[in-house]
Amino acid sequence: MNHLEALVEELGDRVVTDAERMEKYRWDRANDPDAGVPLAVVRAGSTEDVQAAMRFAAAHGVPVVPRGAGSGLSGGASAVPGCLVLSTERMTEIEVDPVTRTAVVQPGLTNAQVKAAAAEHDLWYPPDPSSFEICSIGGNIATNAGGLCCVKYGVTTDYVLGLTVVLADGTAVQLGGARLKDVAGLSLTKLFVGSEGTLGIITEIVLRLIPRQRPPATLVAVFATLDDATNSVLAITRRLRPSMLEFMDRPTIHAVEDMTKMGLDREAAAMLVIQSDEPAGHAATECELIASLCEENNATEVFATDDPDEGEAFVAARRNAIPAVERTGTLLLEDVGVPVPRLGALVNGTADISAKREVTIAVIAHAGDGNTHPLIVFDPSDPDMAERARTAYGEVMELAMSLGGTITGEHGVGRLKRPWLADYLGPDVLALNQKIKDALDPQGILNPGSVF
Ligand SMILES: Cc1cc2nc3c(=O)[nH]c(=O)nc-3n(C[C@H](O)[C@H](O)[C@H](O)COP(=O)(O)OP(=O)(O)OC[C@H]3O[C@@H](n4cnc5c(N)ncnc54)[C@H](O)[C@@H]3O)c2cc1C
């Protein structure tokens, strides 16, 4: 019996080796051209299945690439040659406890399914990546995903109370639990949040839930210059806490308008989509204040609505920005973040790089967090343009670092950003990261080539 047959014997048809069936498990949304061909895909149904797969991998030195829904944008879930892709897509159980306001969740559920299950109890799981309908909650934990409401409600890690994690040798550990406070031992639960599948495989999550969000009021403001828009963001975040503060520049507005035909202003240099979820009456007052701050910063048009459907149409336009820009060419998708006062410098500097490298860079941003997604558009059949796009990709990260920012605010390092990590962290912090990785994964079998 060859070594894979031993795993098949243990896990049966949860092990997929058919090349055609494995094909869709090779890539995430970064479409890494160097994605390898796996030895097998394990479609685990339980923590025990994951343990069996990890014990097998450790015994035979086989690399393991954990995979949620494959919506990642950093190449973190792209397969390496001869690996096991460890898919959590079949692990979709959830139990909500309205008394402790927690949910015990398996990793394969989508973010939207977690929100829906919480809503049945009048509760809310806030983190809302734009991909919330297509990404898994396990992937969200592994990347510490952000999103649109994070400007007020924080990111994924703020809602993770406990985890079950299968380690590289197949041991399963339970960290934390349905307790709001717990400082016994090192903060290991948080160590695994955002670890991008490099330290262990998350098989169960205890999430903190909060009362259902109040219906938000929405405001859309349009500007003739990038500076007017980013100055408005600063004016707003200095005084107020909107529940959403999103930015789209002109190339993005055009791409979204081409796709939706919803009547966006194609002359505008930038547009902000802002929400307030303050209690009834107060939301409108907060929106009025925000409107006046935008007007003080030369907004050319401000539109406010407390009609949820009308508001949702603008939010959906922002959420659809990546697919809309993707229709115009192949994307190199950036995720740099800076302290909010440097947002203007980042947006303007990105426009300069776009002009210098003669590639379109459409910028969307979770502006209230200072987290921008410059979308570099290129034609892969034009080698010169592809090279200029790659140069621009690096230059945007260098610009962010020069402004005191980060190379990734929420998508993760994955395989795409690994070459820039050492520069960003510096030698001491990089060595500390490596020590932790080596302690937990001495054989280096967990997601090799990603982050480390
Ligand atoms: C249109 C679009 C919009 C997006 N908008 C946002 C946004 O607003 N905010 C944001 O943060 N992201 C956004 N993303 C990126 C992506 O959706 C997130 O990174 C998401 O968290 C990935 O989840 P996934 O289930 O698809 O993970 P995958 O892509 O499958 O994996 C992501 C990483 O997590 C690891 N991993 C997955 N599951 C586990 C597990 N159970 N245990 C250990 N490691 C695991 C993988 O190895 C990989 O390194 C967007 C993506 C798209 C396509």
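In general, a disulfide is a covalent bond between the sulfur atoms of two cysteines.

I note for the record that this is a predicted model, in which local features need pLDDT of at least 70 and side-chain atom pairs count only at pLDDT 80 or more, while totals for chains, interfaces and linings use all residues. Residues are numbered from 1 along each chain as its sequence is written, and side-chain values use heavy atoms, with hydrogens and water left out.

**Burial of the cysteines.** I call a residue buried under 20% relative accessible area, exposed over 50%, and partly exposed in between, with a 1.4 Å probe and protein chains only. Cys150 counts as buried because its relative accessibility is 6%, and Cys83 counts as buried at 0%.

I looked up the UniProt record, an unreviewed entry, which places the feature "domain: FAD-binding PCMH-type" at residues 34-212; UniProt positions are given in the numbering used here, feature names are shortened, and annotations may be inferred rather than shown by experiment. In the model this span is 22% helix and 25% strand, and its end C-alpha atoms lie 43 Å apart. Helices (H or I, at least four residues) and strands (E, at least two) are DSSP runs, numbered from the N terminus.

**The sheet.** I traced an open sheet of 5 strands in the order E5-E6-E10-E8-E9, with antiparallel pairing. Strand E5 (94-97) and strand E9 (172-176) stand at the edges with a single partner strand each, so one side of each is left without a neighbour in the sheet. Neighbouring strands are turned by 15° against each other on average, direction ignored; axes are lines fitted to C-alpha atoms, for helices over the stretch in contact, and angles run from 0 to 180 degrees between N-to-C directions. Two strands pair if DSSP finds at least two bridges between them.

I then followed the strand pairs that involve E10. Strand E6 (residues 102-105) is joined to strand E10 (residues 201-208) by 4 bridges, and the two run antiparallel. Val104 has Val206 of E10 as its bridge partner. Helix H3 (residues 47-60) packs on the sheet, touching strand E8 (160-166), E9 and E10, and its direction makes about 45° with that of E8; contact means heavy atoms within 4.5 Å. Helix H4 (residues 111-119) also packs on the sheet, touching E5, E6 and E10, with its direction at about 35° to that of E5.

Ala103 stands opposite Leu207 in E10. E8 is joined to E10 by 6 bridges, again antiparallel, and Thr164 stands opposite Glu204 in E10. E10 is mostly covered, with 6 of its 8 residues buried.

**Salt bridges.** I count a salt bridge where a side-chain nitrogen of Lys or Arg is within 4 Å of a carboxyl oxygen of Asp or Glu, and the structure holds 17 of them. One of these joins the side chains of Asp49 and Arg14 (2.9 Å, N to O). Asp49 lies in helix H3 and Arg14 in the loop between helix H1 (3-11) and strand E1 (15-16), so the pair ties together parts that are 35 residues apart in sequence. Asp49 is buried at 8% relative accessible area, whereas Arg14 is partly exposed at 26%.

I also looked up Glu246 and Arg318, whose side chains meet in a salt bridge at 2.7 Å, N to O. Glu246 lies in strand E13 (residues 244-249) and Arg318 in helix H11 (residues 308-319), so this pair ties together parts that are 72 residues apart in sequence. Both Glu246 and Arg318 are buried.

**Leu148.** Which residues does Leu148 touch, not counting residues up to four places away in sequence? Among them are Glu246 and Arg318, along with Asp128, Ser130 and His366. Leu148 lies in the loop between helix H5 (137-143) and helix H6 (150-153), and it counts as buried because its relative accessibility is 2%.
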